[in-house]
Amino acid sequence: MTNQDDQFKKVISHAKEYGYVFQSSEIYDGLSAVYDYAQNGAELKKNIREYWWKAMVQMNENIVGIDAAIFMHPTTWKASGHVDAFNDPLIDNKDSKKRYRADVLIEDYCAKIEAKIDKEVEKAAKRFGDSFDKAQFLATNTRVVEYQEKINTTLSRMAKSLEREDLADVKALIEELEIADPLTGSRNWTDVKQFNLMFGTKLGASAENAMDLYLRPETAQGIFVNFLNVQKTSRLKIPFGIAQTGKAFRNEIVARQFIFRMREFEQMEMQFFIKPGTQKEWYEQWKETRLKWHLSLGMGAENYRFHDHEKLAHYADAAADIEFKFPFGFKELEGIHSRTDFDLSQHEKFSGKKLQYFDHEDNSSYVPYVVETSIGLDRMFLAVFSNSLKEETLEDGSTRTVLALPSVLAPVKAAVFPLVKKDGLPEIAQQIVEELKWDFNVVYDEKDAVGRRYRRQDANGTPFCITVDHDTLEDNMVTIRHRDSMQQERVKMDALRDIIKQDVDMRSWLMKM
Ligand code: ATP
């Protein structure tokens with residue numbers, strides 16, 4: 001097992017052990033790629049959603065939020081292109097009977113070559129020391145240039161074949177590259193087929209009159225079909241945005257990366273409506289703004305990178321992913337897409353209704369262009385959770401497991417302990433809980449020695465522990481301990497609220513954007 005696999009396994013078992021994420025219907029052996037958020041997970045997820053909503057909706061005068069239904073009129077999905085084109089190319093291995101996404105097999109092949117490039121860079125950086133010029137090395141080292149060319153030709157051939165729907169060539173490419181089943185090494189592949197990812201269901205009481213519906217595969221269409229209603233009732237002027245968070249459903253072919261790829265998941269999307277011709281500027285601006293939002297959480301700039309798309313979706317004229325370094329490598333966390341007027345024009349065509357904006361400034365009507373930002377809430381959860389889980393060696397040689405969650409997102413902000421379970425200390429600790437719970441999610445804990453309680457809260461991600469001891473009876477002061485530094489200080493009981501607030505308040509975090 002590699003280090004990466006090991007780390008990922010730790011993340012999954014920690015998420016279960018500390019009440020963050022459970023397999024759905026576990027008592028029936030679970031349902032594949034469906035997960036439930038437990039007592040701490042639900043809080044963390046809610047906090048991430050709020051952090052996004054604050055930054056995207058409430059802090060922007062020209063962005064409003066809605067909450068559209070999961071069910072939509074079925075024509076929506078004809079218009080959006082999902083009925084005809086929301087497919088993944090799948091391929092089966094005849095020996096292992098395992099199913100893969102053909103494009104992912106090819107992309108993983110390229111990622112391996114990229115890892116080789118990274119190794120060469122690392123070696124050279126060591127060799128040349130301070131005089132190392134990475135850009136020059138990448139452009140001139142023959143081996144690296146060859147690797148890069150291989151990646152470029154492979155990805156562009158795949159993109160072209162997929163665009164032409166030439167699935168035979170996608171298979172040919174897999175065979176030429178000698179890509180094997182990652183689990184068994186077998187190269188005995190079936191043909192590549194298209195597979196539609198939408199879940200179907202029925203609306204209506206009788207079989208004859210039932211209407212075929214889909215569970216929405218993205219939240220974006222709920223925004224597009226409401227575009228005019230929102231614009232008219234809010235009287236927003238272009239440029240403006242409509243945001244929402246909510247469930248989406250995809251019958252993913254390969255779903256074996258925990259909450260990274262689920263069949264039922266949640267998205268946080270924002271569609272920004274703009275004047276045609278201004279899409280390049282807005283696209284760049286939203287890329288930058290979204291990256292800043294991520295960086296504000298302090299999870300390390302080196303863990304993010306942009307990936308510009310070669311293979312553009314049918315609706316886009318530019319698209320980039322913000323990739324994050326998950327335990328299994330850099331993968332898409334968020335997409336920023338310049339969607340042109342594709343969606344609104346399609347809905348005009350299929351509904352027969354005008355979906356245009358009247359621009360008073362130049363006295364003209366037009367179908368707005370759209371720049372979208374789309375992030376998976378569950379993927380963001382995994383990014384935050386996996387990045388925060390650390391094994392630390394302390395000065396005395398012992399180790400501790402700490403879930404160093406950004407405190408603004410932590411499910412529990414403070415745990416309050418009586419040093420011992422007697423002498424009136426529990427009552428004071430309970431009183432502190434009663435006082436703090438108006439502002440924060442706090443817990444009371446009196447079980448085990450204080451040291452053990454500290455460790456439990458460290459592993460749970462709680463930024464503060466507050467201990468009431470015998471001196472408290474005299475001086476009304478308590479010990480507050482900080483999770484990351486493990487520093488302890490004695491503070492007045494009535495200062496607790498401000499100390500915690502200063503640290504966990506969204507304002508101070510979002511100010512860093
Ligand atoms: P991928 O290439 O990983 O399948 P995508 O490009 O299809 O993702 P989009 O359609 O752009 O994804 O969706 C926007 C965001 O929604 C993604 O960046 C991701 O964070 C999230 N997302 C998409 N599919 C899933 C899924 N099955 N489970 C969890 N999150 C998802």
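1. Pro239 lies in the loop between helix 10 (227-234) and strand 9. In this predicted model, the peptide bond from Ile238 to Pro239 is cis, with omega near 5°.

2. Strand 9 spans residues 240-249 and contains Gln244. Gln244 has a relative accessible area of 0% and is therefore buried, the limit for that class being under 20%. The side chain of Gln244 reaches the backbone nitrogen of Ala68 at 2.9 Å. Leaving aside residues up to four places away in sequence, Gln244 touches Trp52, Trp53, Ile66, Asp67, Ala68, Arg216, Thr219, Gly222, Ile223, Gln267, Met268 and Glu269.

3. The ligand site may be considered next. There are 17 residues around the ligand, and Glu252, Arg261, Met262, Glu332 and Leu333 come nearest. On the side-chain part, an N or O atom of Glu332 lies 2.6 Å from an oxygen atom of the ligand. The protein covers 86% of the 590 Å² of accessible area that the ligand has on its own.

4. As to the origin of this shell, strand 10 (264-274), strand 13 (329-340) and strand 16 (369-376) are the elements that give two or more residues to it. Strand 13 supplies the largest share, 5 residues. By residue class, the shell around the ligand divides into 5 nonpolar, 5 polar and 7 charged residues.

5. Helix 5 covers residues 102-128, 27 residues in total. Its reach from first C-alpha to last is 40 Å, close to the 39 Å expected at 1.5 Å a residue. The buried residues of helix 5 are Ala102, Asp103, Leu105, Ile106, Cys110, Ile113, Ile117, Glu120, Val121 and Ala124. The charged residues Asp103 and Glu120 are among them. The buried residues of this helix pack against strand 4 (87-92) and strand 5 (99-101), and also against helix 6 (134-140), helix 7 (142-163) and helix 8 (167-176). Gly129 follows helix 5 and has a positive phi, near 60°.

6. Two residues other than glycine with positive phi deserve a check of the backbone. Lys97 has phi near 65° and is found in the loop between strand 4 and strand 5. Lys97 counts as exposed because its relative accessibility is 66%, where the class requires over 50%. Glu165 has phi near 60°, also a positive value in a residue other than glycine. Glu165 is found in the loop between helix 7 and helix 8, two of the helices against which the buried residues of helix 5 pack.

7. Ala79 belongs to helix 3 (residues 75-79). With a relative accessibility of 1%, Ala79 counts as buried. Ala79 and Phe342 are separated by 263 residues in sequence, yet their C-alpha atoms are 9.6 Å apart in space. Beyond residues up to four places away in sequence, Ala79 touches Phe342, Gln346, His347 and Phe350.

Note on methods
Residues are numbered from 1 along each chain as its sequence is written. This is a predicted model: local features need pLDDT of at least 70, side-chain atom pairs count only at pLDDT 80 or more; totals for chains, interfaces and linings use all residues. Side-chain values use heavy atoms; hydrogens and water are left out. Helices (H or I, at least four residues) and strands (E, at least two) are DSSP runs, numbered from the N terminus. The expected span of a helix is 1.5 Å times one less than its number of residues. Buried means under 20% relative accessible area, exposed over 50%, partly exposed in between (1.4 Å probe, protein chains only). Contact means heavy atoms within 4.5 Å. A residue is near a molecule or strand if one of its heavy atoms lies within 4 Å of it. A polar contact is a pair of N or O atoms within 3.5 Å; within protein, one must be able to donate a hydrogen and the other to accept it, and residues adjacent in sequence count only if both atoms are side-chain atoms. Accessible areas come from the Shrake-Rupley method with a 1.4 Å probe; for residues, only the protein chains shown count as cover.
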